[in-house]
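Visitor: I have just started learning to read protein structures. Could you take me through this one, a step at a time?

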Amino acid sequence: QVQLAESGGGLVQAGGSLRLSCAASGRTISSYTMGWFRQAPGKEREFVATIRSSGSTFYADSVKGRFTISRDNSKNTVYLQMTSLKPEDTAVYYCAANSIPWRGSLIDMGTYDSWGRGTQVTVPS
């Protein structure tokens, strides 16, 4: 029943930075695994990053070293700090929550049971 709302997207030049926020409501997400996915035009949605309730993180190879996922449980919010942005980062970015601890791979979008509507990130070439 958690609702997720992404914000912070926009147009940024290559090499620039942007921080996305995912505000959760309806439920406390402190015990949930949270993830970020993205979908570029003409492509399928792909995994970007995930953070567990313990604070441990995992990233797609394409963003490792450039993006950082974090959470602030006091604000019931998850963040994605993006640096050194590239044109290939252009996509709609989605926040997702997994409230079921026994589900499978956290890089698989099917594992997540709640999704935001997405926020557009554009990095022109």
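**Rings, strands and a sulfur link**

Visitor: What is the relative accessible area of Trp 115?
Guide: Trp 115 is partly exposed. That class lies between buried, under 20% relative accessible area, and exposed, over 50%, using a 1.4 Å probe and protein chains only. For Trp 115 the value is 28%.

Visitor: Before we go on, from which number are residues counted along each chain?
Guide: This is a predicted model: local features need pLDDT of at least 70, side-chain atom pairs count only at pLDDT 80 or more, and totals for chains, interfaces and linings use all residues. Side-chain values use heavy atoms, leaving out hydrogens and water, and each chain is numbered as its sequence is written, from 1.

Visitor: How many aromatic pairs does the structure hold?
Guide: Rings of Phe, Tyr and Trp (its six-membered ring) pair if their centres lie within 6.5 Å; planes under 30 degrees apart are stacked, over 60 edge-to-face, and the rest tilted. By that rule, the number of aromatic pairs is five.

Visitor: Is the pair of Phe 37 and Tyr 112 stacked, tilted or edge-to-face?
Guide: The two ring centres are 5.3 Å apart. Their planes stand at 80°, so the pair is edge-to-face.

Visitor: Which residue lies over the face of Trp 115, at 5.1 Å from the ring centre?
Guide: A charge sits over a ring if NZ of Lys or CZ of Arg is within 6 Å of the ring centre and within 35 degrees of the ring normal. The residue in question also lies over the face of Tyr 94, at 3.8 Å from the ring centre. Over Trp 115 we find Arg 45.

Visitor: Which residue does a disulfide join to Cys 22?
Guide: A disulfide is a covalent bond between the sulfur atoms of two cysteines. In a model, it is a pair of cysteine sulfur atoms within 2.5 Å, and the count here comes to one. The S to S distance is 2.0 Å, and the partner of Cys 22 is Cys 95.

Visitor: How many residues apart are Cys 22 and Cys 95?
Guide: With -80° about the S-S bond, their link is left-handed. Cys 22 is buried at a relative accessible area of 0%, and Cys 95 is buried at 0% too. The link connects distant parts of the chain, Cys 22 in strand β3 and Cys 95 in strand β9, and the separation is 73 residues.

Visitor: In β8, which residue is the bridge partner of Arg 71?
Guide: Strand β8 covers residues 77–82, and six bridges join β7 to β8. The two strands run antiparallel. In β8, the partner of Arg 71 is Val 78.

Visitor: Which residue in β11 does Gly 10 stand opposite?
Guide: Two bridges join strand β2 (residues 10–11) to β11, and these strands run parallel. In β11 (residues 119–122), Thr 119 and Val 121 make up the covered face, while Gln 120 and Thr 122 make up the uncovered one. Opposite Gly 10 stands Val 121.

Definitions and conventions. Helix = DSSP H or I, 4+ residues; strand = E, 2+ residues; numbered from the N terminus. Pairing = 2+ DSSP bridges.
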